[in-house]
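Please have the sequence and the structure open while reading.

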Amino acid sequence: IKKSLGRRLTMADEENGNNIPSEGTSNVVEVTDLSGLSGELIEEKIDALIEAHAVLIFSKTWCPFCRDVKNLLAEQIGVRVYALEVNTHPDGAAIFKYVSSKYEHHTVPVVFIKGKYVGGCDDTKALYKSGELELVLLKGLVMRKQTKNIDTLETAELVPKERSTAMNPPLWFPNHVNNLVVRMVGLQVFCMSAISAAFYYEVWGRYLAVGLLVDFGIRLCAGSSLSPLGMNATFIASFFKPDFRPGPPKQFAAFCGLFFSFLGTLFYFVDFEGHDIVGAIWMGMLAFAAGLEGFLDFCLGCLFFGFGIQFGLIPDSVYRIYTASRQEIVEAWDYKFSDSNAQVPIRVDTNPESAVALKYQKKTDEWTKDDFDVIRHIQVSYFGMPLALGGLAVAFKIGSDWSNPFSGQTLDGLNKRTIEIPDTWYQVFAFMGAFFFVNFALLYIARAVLFFKKCQKEWDSPFTSPGFGLITITVTLYSFIVYDEIKHPEIGEEEENPQKFARVLWWMGSVPHAAMTVMKFGEWIGRRLEMEHVQTTWMIFPVGLAVSALCAPVVGVFDGDNGNSVGDIYIARFFYSFAWLMWITLFVLTFFKTVTTHNSDDRLRHGAFIWIAAPCILGLAEYIICRQDSNAFNRSECDAVWVEKYFIGIFIFLGLVWASFPQFLFFGQAAFGMGYWTECFALDTLAACACLFYTLNGWQFSQTMQWIFLTIASLANLSAFWHTFSAIIRERGVFTPEGKWGPLSFMKLTHEAFRGNMNTLKHYIDVANVEDDSAEAIENLGLFAAHFNRFCIVHEEHAKHEDEVIFKIFNDYFPEHAKKYNDDHAEDHAKLEHWRKLANQLLNTKCDVATRKAALDELRGDLPAFFQHFEEHLRGEEDNLNPIGRKYLPIALMVQMSRKVWELTDAKKWEIIVPFIILGLPRHPMRIRYLKVLMWALPERAQQIGAIVYRNVDAVMWERLRTVVPEMVPRGAPGWKRYY
């Protein structure tokens with residue numbers, strides 16, 4: 001930093017360019033001497049200082065937000081910045097007191113531009129994102145050369161902005177957190193830790209500390225999305241608009257909470273005199289810190305995090321992603337959760353007399369996101385919720401005294417198992433599952449009556465049809481739950497009603513499930529399918545058969561007399577046999593598909609957890625059948641034969657957890673959907689096996705594994721439960737249509753990027769001036785030329801992609817349906833060629849001013865009308881052509897089309913097109929989708945695409961993209977993995 005100890009530069013000097021620094025000097029000048037300013041009082045001198053400098057920041061030398069704003073203004077935009085460091089200036093305290101009081105801004109930085117108060121870091125970044133900062137407020141002050149080679153339109157380019165540095169928080173912690181959630185978590189931690197400290201002599205008081213330890217550990221890794229306390233707070237906060245704050249200091253605060261709760265737990269359970277009091281003291285200190293957060297919005301951990309930055313222990317770049325993207329996050333939240341008042345969809349039938357004519361709906365994305373309807377949009381996948389709750393009930397039931405008959409015994413004849421779970425636990429979960437099952441069943445019946453075609457589509461689709469198995473599995477599973485209240489009658493006695501009800505449930509669930517399995521099995525054989533259609537959720541069918549095999553011997557599915565148990569065993573083996581075969585076959589097939597294909601749709605990835613459920617349920621069924629068939633097997637054989645499948649489930653679980661880590665990030669990218677409940681059921685089955693394993697051997701290790709897997713399953717169900725209700729309150733993500741996208745979605749995303757770039761072009765054509773030969777006027781002409789050149793290149797290639805590949809296929813399916821848009825492309829191409837000539841006249845300084853001005857006037861007159869026409873053209877394609885790709889084209893054909901599109905354009909132009917789209921899209925999920933769509937069709941080019949992105953975006957954008965699309969990281973960049 002260069003210190004300003006000499007001549008004071010006035011605002012007029014800066015605007016006239018007299019302050020342009022020499023090569024190699026910084027654009028940041030520290031203000032240390034106020035003696036030359038007018039006024040006697042410090043307040044008068046500060047007012048004069050603000051008026052004297054075009055860009056002035058009151059900051060602190062160690063503050064990462066101040067450094068970020070300085071970097072933005074001085075390096076990325078390129079203006080001279082004057083900074084008064086209030087922590088080092090002799091009068092800094094008095095200066096900051098006056099500034100904060102006058103402008104009611106109590107944090108640094110405080111930014112002033114041309115004597116006007118702008119705000120802090122978030123305010124400055126918001127103005128930068130909107131374009132107002134650079135194009136309006138800093139007009140005339142930008143010194144950094146933003147363009148090059150502007151002699152002709154074809155050579156005009158934008159100079160890349162400084163890359164800077166940025167980093168994401170460790171593990172899965174988010175860059176942005178909702179402060180309302182953080183404070184409500186603080187209130188919960190305050191209450192729990194205070195109670196734990198007050199009742200340190202009670203066992204339950206000590207286990208409160210254990211619960212806090214687990215919750216802090218989860219929040220340290222993943223934020224509030226998986227934490228019980230975090231999800232409690234998220235549910236309450238869903239009624240309010242979020243208050244976004246930076247994530248890194250909150251992660252450090254979670255670490256501090258983990259440390260305090262660990263010490264509290266440790267001292268509670270070690271053995272020395274006064275150990276429990278020491279533990280209570282630690283919990284009391286935790287309560288104090290959490291109370292400050294919850295009641296006063298003062299984060300003690302964040303304070304120490306700031307000290308870490310101040311002393312150089314933590315890099316200040318940890319905040320950069322937050323400050324650069326906060327405004328976008330706010331706008332994206334407003335877009336997603338605000339009602340758009342979109343137009344009602346319009347049905348189009350191109351030929352009502354023909355059954356095979358093109359039929360579709362004109363439907364906007366805004367209508368889709370706002371379309372909340374509990375009947376029309378309930379799906380069979382929603383039955384994963386009652387299934388998961390029922391599965392958790394079964395796990396807790398196996399851990400209760402229900403499994404005592406299976407328990408091993410000591411030499412004294414005592415039960416090896418020392419802890420049994422009270423029946424209340426499984427009864428509560430069973431009741432919850434039954435409640436939601438009945439309600440979802442009523443809603444789905446109403447949907448079948450009112451929207452039968454939608455239900456039929458779900459049954460026909462290879463992606464959604466396995467969801468019907470969730471209904472039958474739930475019914476069958478509840479026969480097991482009801483069974484524990486049944487007393488089997490002696491010969492000659494009548495059955496009790498609960499026993500009949502359990503038997504009815506088994507038949508109602510098992511027979512339809514077997515029928516569905518047969519039908520789908522035959523459909524897979526007889527219907528032409530591709531690897532794209534194979535889904536891990538297909539394994540729901542063998543899982544359902546295994547559940548039937550598990551429940552049959554327990555429930556006793558036949559009436560009558562002496563041969564009853566033999567019949568139960570045979571029917572159990574009947575279901576078990578094909579379940580085992582399908583498990584092996586589908587696991588090999590779906591594992592092969594998962595390993596070798598793109599898995600671009602994040603919503604389908606969580607289906608891989610069903611791999612856990614299949615061996616675990618088969619193992620349980622195998623054990624129950626074996627124990628019932630006492631004539632064929634002895635007890636030791638039964639104990640040994642099933643455990644292999646339990647161990648297989650453990651290995652699969654650990655592998656899936658490893659795939660979730662940030663270097664792969666295979667799971668957790670998609671927003672919450674009801675399909676996540678299937679994951680919960682898979683974890684329930686693993687917990688059920690752990691409970692049975694502990695029952696059989698009574699080992700301490702087995703008991704620990706039982707509690708670990710029961711805790712994991714319970715936390716997963718609790719998290720999904722709160723996510724579900726938060727989504728219902730916000731009317732987003734549940735009972736709304738699922739977004740549809742595929743390999744051709746990059747075309748619509750290109751449209752969105754055009755819309756963003758048209759607004760930029762409108763501004764630069766308005767400020768262009770050929771009669772002014774100042775550096776600023778020349779730079780404005782260069783900016784228009786560079787942006788217009790990129791627009792023309794992308795428009796030309798986009799039209800070529802559509803005319804020669806995409807619309808050609810559309811016209812093959814529906815002759816001349818895309819003709820209007822082909823004609824538009826030809827007309828628009830001719831217009832753009834004419835305007836390119838005018839733009840070259842505009843840039844040609846050898847032409848006289850009158851000729852250049854005439855060219856500028858014509859461009860100003862024609863381009864706005866063209867942009868309006870082009871917007872109508874884009875909307876017309878989206879309304880009338882996109883449905884063809886979505887409704888009529890198979891995935892394999894769309895992939896072929898995407899590959900042809902890529903091959904049609906050379907690499908030099910993709911170097912322009914990809915960043916044009918990435919930087920032009922308004923919301924980050926769109927950028928992620930664009931990259932995933934390209935890599936869906938072009939997996940072998942992922943790192944080539946990544947290299948293009950890396951070269952053309954700054955560090956913040958790159959970090960945000962590469963963490964979600966790690967496969968695109970090119971060689972040489974951190975996180976690169978070779979694609980063989």
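## Helix packing and cores

Helices H7 and H9 cross in a right-handed manner, a crossing being right-handed if the near helix is turned clockwise from the far one by less than a right angle, and left-handed if anticlockwise. The model is predicted, with local features needing pLDDT of at least 70 and side-chain atom pairs counting only at pLDDT 80 or more, while totals for chains, interfaces and linings use all residues. Residues are numbered from 1 along each chain as its sequence is written, and side-chain values use heavy atoms, with hydrogens and water left out.

Helices (H or I, at least four residues) and strands (E, at least two) are DSSP runs numbered from the N terminus. Axes are lines fitted to C-alpha atoms, for helices over the stretch in contact, and angles run from 0 to 180 degrees between N-to-C directions. The table sets out two helix pairs.

| Pair | Axis distance | Angle |
|---|---|---|
| H7 (residues 179-198) and H9 (residues 228-237) | within 8 Å | roughly 130 degrees |
| H20 (residues 540-555) and H23 (residues 610-628) | 8 Å | about 25 degrees |

Angles under 35 degrees count as roughly parallel, over 145 as roughly antiparallel, 65 to 115 as roughly perpendicular and the rest as oblique. H7 is therefore oblique to H9, whereas H20 is roughly parallel to H23, and H20 passes H23 in a left-handed crossing.

Contact here means heavy atoms within 4.5 Å. The contact between H20 and H23 involves, among others, Val 543 and Leu 550 of H20 and Ile 617 and Gln 628 of H23; by class it has 17 nonpolar, one polar and no charged residues.

Eight of the 10 residues of H9 are buried, so H9 is largely enclosed by the rest of the structure; buried means under 20% relative accessible area, exposed over 50%, and partly exposed in between (1.4 Å probe, protein chains only). Among the buried residues of H9 are Leu 229, Met 231 and Phe 235, and their cover includes strand E9 (176-178), H7, helix H8 (203-222) and helix H27 (700-730). By contrast, Phe 431 lies in helix H16 (residues 423-450) and counts as exposed because its relative accessibility is 60%.

A nonpolar core is a set of buried Ala, Val, Leu, Ile, Met, Phe, Trp, Tyr and Cys residues joined through side-chain atoms within 4.5 Å. The largest such core has 123 residues, and those with the most contacts inside it include Trp 642 and Phe 709. Leaving aside neighbours within four places in sequence, Phe 709 is in contact with Tyr 646, Ile 650, Phe 653, Leu 686, Ala 687 and Ala 690.

Methods:
Ala, Val, Leu, Ile, Met, Phe, Trp, Tyr, Cys and Pro count as nonpolar, Asp, Glu, Lys and Arg as charged, and the others, Gly among them, as polar.
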